[in-house]
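Here's a quick briefing on the fold you're about to look at.

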Amino acid sequence: MYTVDLHLKNETVEHAKYNLKQAIQLARKTREKLICLIVGYGSTGGTHKIKTAILEELENLLAKHQIKDFIVGSDIDIYNPKCLNFKGRDLLDKDAFNRRNPGEVIVYL
């Protein structure tokens, strides 16, 4: 799984969106099926703007069929319906289930 940190210090929303698109292109070139996006918890330091914008952008990409699915790390639980319906669930490793990190988003290409 390819990991990208989109909530670096002093990162702008526009730059985070640009980095998202670059990460998707790179993952496709390297034939990765999953990308782990570090977006921050969204509580302080302005990362809530980045997390919100990235989730909106992923919704748009999903609607345009440019990605297959995505899931927020806190929803990765074997009893959560969002996780059960996640199309890339079989590709998730045990670490993703152990972390259940609300500051990351897993994207299935």
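Four bridges join strand β1 (residues 2-5) to β2, and the two run parallel; strands pair here if DSSP finds at least two bridges between them. Helices (H or I, at least four residues) and strands (E, at least two) are DSSP runs, numbered from the N terminus. Heads up: this is a predicted model, where local features need pLDDT of at least 70 and side-chain atom pairs count only at pLDDT 80 or more, while totals for chains, interfaces and linings use all residues. Residues are numbered from 1 along each chain as its sequence is written, and side-chain values use heavy atoms, with hydrogens and water left out.

**Strands and their partners**

- Five of the five residues in β4 (residues 104-108) are buried, where buried means under 20% relative accessible area, exposed over 50%, and partly exposed in between (1.4 Å probe, protein chains only).
- E104, I106 and Y108 point one way from β4, V105 and V107 point the other way, and all are buried.
- β2 is mostly covered as well, with four of its five residues buried.

**Helix α1**

- The 17 residues of α1 (residues 13-29) should span 24 Å at 1.5 Å a residue, and the end C-alpha atoms are 25 Å apart, which agrees; the expected span is 1.5 Å times one less than the number of residues.
- Its buried residues are A16, N19, L20, A23, I24 and A27.
- Seen down the helix axis, those buried residues fall within an arc of 140 degrees, so they line one face of α1; the arc is that of the directions from the axis to the C-beta atoms.
- As background, an α-helix has 3.6 residues a turn, so residues three or four places apart point the same way.
- On the face turned away from the buried side sit the exposed residues E14 and K29.
- R31 follows α1 and has a positive phi, near 60 degrees.

**Nonpolar cores**

- A nonpolar core is a set of buried Ala, Val, Leu, Ile, Met, Phe, Trp, Tyr and Cys residues joined through side-chain atoms within 4.5 Å.
- The largest one has 20 residues, of which L37, I54, L58 and V107 touch the most other members.
- α1, β2, α2 (47-63), β3 and β4 each supply at least two residues of this core, and α1 gives the most, with five.
- Setting aside its neighbours within four places in sequence, L58 is in contact (heavy atoms within 4.5 Å) with L20, L37, I67, F70, V105 and V107.
- A second, separate core has ten residues, including C36, C83, A96 and Y108.

- For C36, the nearest cysteine sulfur is that of C83, 14 Å away.
- C36 counts as buried because its relative accessibility is 4%.
- C83 is buried too, with a relative accessible area of 0%.

How values were computed: A disulfide is a pair of cysteine sulfur atoms within 2.5 Å.
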